[in-house]
Amino acid sequence: MNERQLRILRELGELGSVTAVAEALLMTPSAISQHLRLLQRSIPVPLTERDGRRLVLTDAGRALAGAAIEVESALARARHSVDEFVDEPAGDVSVAAFHSAGATFFPILLRGRDPRAPRLALADEDVAQDHFPRLTRDYDLVLAHHLAHAQPWPHTVTATTLLREPLDVAMPADHPLAREERLTPRDVADLPWITVHDGFPLMATIDAIATAANRRLDIVHRINEFAVVAETVAAGGGLALMPRWTTRRHPALVLRPLSGVHAIRRIDVLHRPERVARKAVRTVLDELRRAAQAIRGGDDADSDAVATSAAGPP
């Protein structure tokens with residue numbers, strides 16, 4: 001039993017013939033008869049009977065046709081509710097982000113927020129790169145980090161790149177290398193390093209530095225939270241890769257760009273395709289794009305230069 005079958009039964013009761021129902025519903029008479037036969041299979045008593053050459057409803061058929069009116073009314077209300085949900089400009093939108101992206105994007109989304117704008121539910125989710133797509137089950141939008149040589153996102157999610165962010169080498173302001181405008185893998189390969197845990201994207205760039213310098217890096221600390229990394233670097237714990245735009249500047253540190261490796265990370269926003277059917281989700285996605293432009297500021301040209309130098313000579 002389905003909506004179309006019930007609609008046909010209702011129309012048969014009102015119009016009085018299969019031919020008239022077929023004309024009203026823009027179907028063939030044989031298709032109408034097929035739907036009626038399928039409906040009859042699910043009902044233990046006859047719904048129709050012959051009255052001369054006409055097919056008419058039995059008492060059970062008339063009872064079900066009456067119920068069909070209630071079903072259509074309920075479905076119409078349901079569709080209207082869905083339409084309101086889809087078109088509601090101030091609906092609820094959940095956004096998850098890894099820590100440094102959340103620390104940068106969330107305040108921009110929240111400051112001076114119009115009461116008529118979508119209502120945000122923000123969450124931190126700092127997971128390994130291949131776990132980000134799974135978060136789209138629980139959140140409308142997911143900010144995820146991705147390195148260029150990593151596996152592409154699965155086709156089950158839609159990805160929009162917000163930032164292509166340079167990864168710089170962080171060091172104390174009085175470090176000897178702080179005098180250099182740009183560093184190479186050989187400049188930093190023999191020094192102690194602070195890195196993220198295995199499975200997180202920055203490790204791939206650490207491995208690339210080691211490969212370019214043809215030696216294994218001395219990894220002394222593994223810390224994922226950049227605020228803790230900054231304090232550890234400032235205390236002399238080692239060098240570290242830090243994103244240029246999405247980490248808070250530490251007064252005791254300097255950042256220097258790195259040549260010879262692709263030291264760039266993408267910040268992408270992931271979502272399931274059906275999520276953007278909602279106006280509120282599309283609105284927040286646009287807000288994230290504008291926030292990314294504000295975060296980049298005037299550094300677009302500098303970012304392009306770093307990307308070019310990171311690729312190495314042709």
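**Figure 1. The side chain of Thr232 and the backbone of Val228 in the predicted model.** A polar atom of the Thr232 side chain sits 2.8 Å from the backbone oxygen of Val228. Thr232 belongs to helix H9, which spans residues 226–234.

**Figure 2. Surroundings of Thr232.** Thr232 has a relative accessible area of 18%. That is under 20%, so Thr232 counts as buried. Neighbours within four places in sequence are left aside here. Beyond them, Thr232 contacts Ile194, His221, Ile223, Gly237 and Gly238.

**Figure 3. His250 in its loop.** The loop holding His250 runs between strand E9 (239–243) and strand E10 (253–256). His250 has a relative accessible area of 18%. With the cut-off for burial at under 20%, His250 is therefore buried.

**Figure 4. Polar partners of the His250 side chain.**

**Figure 5. Residues touching His250.** Residues up to four places away in sequence are not counted. His250 then touches Ala230, Glu231 and Ala234.

**Figure 6. His250 and Asp51.** The two residues are 199 residues apart in sequence. From C-alpha to C-alpha, His250 and Asp51 are 89 Å apart in space.

Conventions. Residues numbered from 1 in each chain as written. Predicted model: local features only at pLDDT ≥ 70, side-chain atom pairs only at ≥ 80, totals over all residues. Heavy atoms only, no water. Helix = DSSP H or I, 4+ residues; strand = E, 2+ residues; numbered from the N terminus. Buried < 20%, exposed > 50% of the residue type's maximum accessible area, 1.4 Å probe, protein only. Contact = heavy atoms within 4.5 Å. Polar contact = N/O pair within 3.5 Å; in protein donor to acceptor, adjacent residues only side chain to side chain.
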